[in-house]
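Work through these exercises with the structure open. Try each task before reading its solution.

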Amino acid sequence: HDETFAARFHTTGTPRPVSAAVALALHRTTLEALTNVRRHADARSVEIELDFSDDRRVRLHVRDDGKGAVDTSGGFGLLGIRERAEQLKGLMNYETAPGQGFRLFLELPA
């Protein structure tokens with residue numbers, strides 16, 4: 001079981017400062033997502049995108065090409081990510097299926 005994968009990061013739109021709380025939520029969510037990729041995904045690559053194209057929101061997308069998951073109730077830190085997002089008046093969603101990788105979406109007020 002190889003835990004090595006390539007990670008690519010890019011931004012869309014013009015990067016701008018965000019509040020400390022939003023920056024911390026983006027940072028923690030990205031770390032949690034990368035930890036999940038390392039522990040669970042068996043992925044070869046992960047793509048992280050920080051999207052500033054909406055003046056009022058900042059969006060984070062994390063996508064991997066791993067094995068996906070049937071059941072995410074065993075943790076993955078997803079509940080904590082969702083609670084943090086909701087506290088900041090944002091939202092979190094994810095999509096996964098066996099063989100389809102894992103896609104995490106976080107949107108927060110900027």
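**Exercise 1. The core**

How many residues does the largest nonpolar core have, and which have the most contacts inside it?

*Solution.* This is a predicted model: local features need pLDDT of at least 70, side-chain atom pairs count only at pLDDT 80 or more, and totals for chains, interfaces and linings use all residues. Residues are numbered from 1 along each chain as its sequence is written, and side-chain values use heavy atoms, with hydrogens and water left out.

Step 1. Apply the rule: a nonpolar core is a set of buried Ala, Val, Leu, Ile, Met, Phe, Trp, Tyr and Cys residues joined through side-chain atoms within 4.5 Å. Buried means under 20% relative accessible area, exposed over 50%, partly exposed in between (1.4 Å probe, protein chains only).

Step 2. The largest such core has 22 residues. Leu26, Leu104, Leu106 and Leu108 have the most contacts inside it.

Step 3. Find the suppliers. α1 (20-41), β2 (45-51), β3 (57-64), α2 (78-87) and β5 (102-109) each give at least two residues. α1 gives the most, with 6. Helices (H or I, at least four residues) and strands (E, at least two) are DSSP runs, numbered from the N terminus.

**Exercise 2. The sheet**

Give the strand order and find the edges.

*Solution.* Step 1. The open sheet of 5 strands runs β1-β2-β3-β5-β4, with mixed pairing. Strands pair if DSSP finds at least two bridges between them.

Step 1. β1 (6-12) and β4 (91-96) each have a single partner strand, so one side of each lacks a neighbour in the sheet.

Step 2. Look inside the sheet. β2 and β3 pair in the antiparallel sense over 6 bridges. Glu49 has His61 in β3 as its bridge partner.

**Exercise 3. Charged pairs**

*Solution.* Step 1. Check the distance. A salt bridge is a side-chain nitrogen of Lys or Arg within 4 Å of a carboxyl oxygen of Asp or Glu. Glu49 and Arg63 meet at 3.5 Å, N to O.

Step 1. Glu49 lies in β2 and Arg63 in β3, so the bridge ties together parts 14 residues apart in sequence.

Step 2. Glu49 is buried at 12%. Arg63 is partly exposed at 27%.

Step 3. Compare a second pair. Arg57 and Glu107 form a salt bridge at 3.0 Å, N to O. Arg57 is in β3 and Glu107 in β5, 50 residues apart. Arg57 is buried at 18%, and Glu107 is buried at 11%.
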